[in-house]
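Let's take a friendly walk through this structure together. Have a look at the sequence and the model first, and then we will go from one place to the next.

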Amino acid sequence: MSAKVIVYSLVAACSLGLFISSALTARQCYVTPCYEGKGLQMLWSVDWGESFQVVLVSLLALGHVVVSYFSLFGNKGSAVFNGFLVSSAIVIGLVLLTQSVYWGQEAIMIDDLDTHLNGYSFFSNNEVCEHNYDQASCEALASTNDCKWVAYYKICQKAMHVDPTVNAKFDATTVLAVLTGVSHLIFAYILTSSEDNLAAPVASKNSQFDEKRTRISSAYSPGSVSNSGNRSSTNKKESVVMSTEGPVVHVDNAGL
């Protein structure tokens with residue numbers, strides 16, 4: 001198995017894994033149940049902009065894998081198309097590395113929040129919880145609305161804790177972004193160093209040109225020269241015929 005096939009398989013597997021991880025990470029709340037209220041809900045979750053960004057980049061990586069398959073294992077593309085594959089692989093790889101830094105930072109933030117709470121909960125006002133002014137009625141709603149009685153303040157509020165699955169999803173997205181980005185950069189190097197991929201279209205055109213030039217040279221044969229410096233009495237008819245493949249010289253060796 002060639003290095004090109006191995007690296008391509010690695011890129012395909014990492015890109016697919018990143019897409020699945022990105023889909024699970026999108027619109028993920030940091031705490032459970034999710035924070036309520038305009039602005040606060042976006043602040044305590046992966047917002048629409050971040051979700052669109054990570055899913056789109058993973059789709060680009062996956063799309064690059066599909067296009068590369070037809071170029072590597074199907075019909076050889078042109079030199080321009082193969083150059084596009086190389087440049088896009090480099091750009092996607094660099095973008096994915098920046099994504100890995102961002103999601104790594106998000107994972108660290110969630111871990112710090114969980115450490116800071118140390119088993120306790122966040123509290124927030126809730127329309128259902130805050131209308132209960134005694135402990136008994138508040139605890140009755142604990143199972144359905146996550147209400148909890150705060151004895152110090154003697155109020156009923158919504159209790160939230162860090163979602164234990166968030167850190168795992170962010171860690172997976174970070175690792176897969178690194179692997180996919182690095183594999184794309186290696187894949188770009190493999191594409192540039194692969195003679196049978198990038199050089200094939202150019203070499204094919206050059207060989208066709210050399211073949212036409214050889215046909216013209218072999219077809220043209222001037223008359224022989226005698227010792228006195230004059231051409232021999234054998235006359236040759238030469239005619240040039242224009243074809244779609246270029247000029248072809250036909251030589252008739254019959255005497256006039």
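Keep in mind that this is a predicted model. The crossing of α4 and α7 is left-handed. To find the two partners, look for helix α4 at residues 79-117 and helix α7 at residues 164-193. Their axes come within 7 Å and cross at roughly 160°. Angles over 145 degrees count as roughly antiparallel, so α4 is roughly antiparallel to α7. Those two values are a handy summary, because two packed helices are described by the angle between their axes and the distance between the axes.

What kinds of residues make up the contact of α4 with α7? They divide into 19 nonpolar, ten polar and three charged.

Now stay with helix α7 and pick out T173, which lies in it. Is T173 buried or exposed? Its relative accessibility is 1%, and buried means under 20%, so T173 counts as buried. The side chain of T173 reaches the backbone oxygen of K169 at a distance of 2.9 Å. If we set aside the neighbours within four places in sequence, T173 is in contact with L18, S21, T25, V54 and W103.

From here, let's turn to some details of the backbone.

R27 is not a glycine, yet its phi is positive, at about 60°. With 31% relative accessibility, R27 counts as partly exposed.

Which form does the peptide bond from T32 to P33 take, cis or trans? The bond is cis, with omega near -5°.

The last stop is D146, which sits in the loop between α6 (142-145) and β3 (147-150). D146 has a positive phi of about 55°, although it is not a glycine. Its relative accessible area is 33%, so D146 is partly exposed.

Methods
Residues are numbered from 1 along each chain as its sequence is written. This is a predicted model: local features need pLDDT of at least 70, side-chain atom pairs count only at pLDDT 80 or more; totals for chains, interfaces and linings use all residues. Side-chain values use heavy atoms; hydrogens and water are left out. Axes are lines fitted to C-alpha atoms, for helices over the stretch in contact, and angles run from 0 to 180 degrees between N-to-C directions. Helices (H or I, at least four residues) and strands (E, at least two) are DSSP runs, numbered from the N terminus. Angles under 35 degrees count as roughly parallel, over 145 as roughly antiparallel, 65 to 115 as roughly perpendicular and the rest as oblique. A crossing is left-handed if the near helix is turned anticlockwise from the far one by less than a right angle, and right-handed if clockwise. Ala, Val, Leu, Ile, Met, Phe, Trp, Tyr, Cys and Pro count as nonpolar, Asp, Glu, Lys and Arg as charged, and the others, Gly among them, as polar. Buried means under 20% relative accessible area, exposed over 50%, partly exposed in between (1.4 Å probe, protein chains only). A polar contact is a pair of N or O atoms within 3.5 Å; within protein, one must be able to donate a hydrogen and the other to accept it, and residues adjacent in sequence count only if both atoms are side-chain atoms. Contact means heavy atoms within 4.5 Å.
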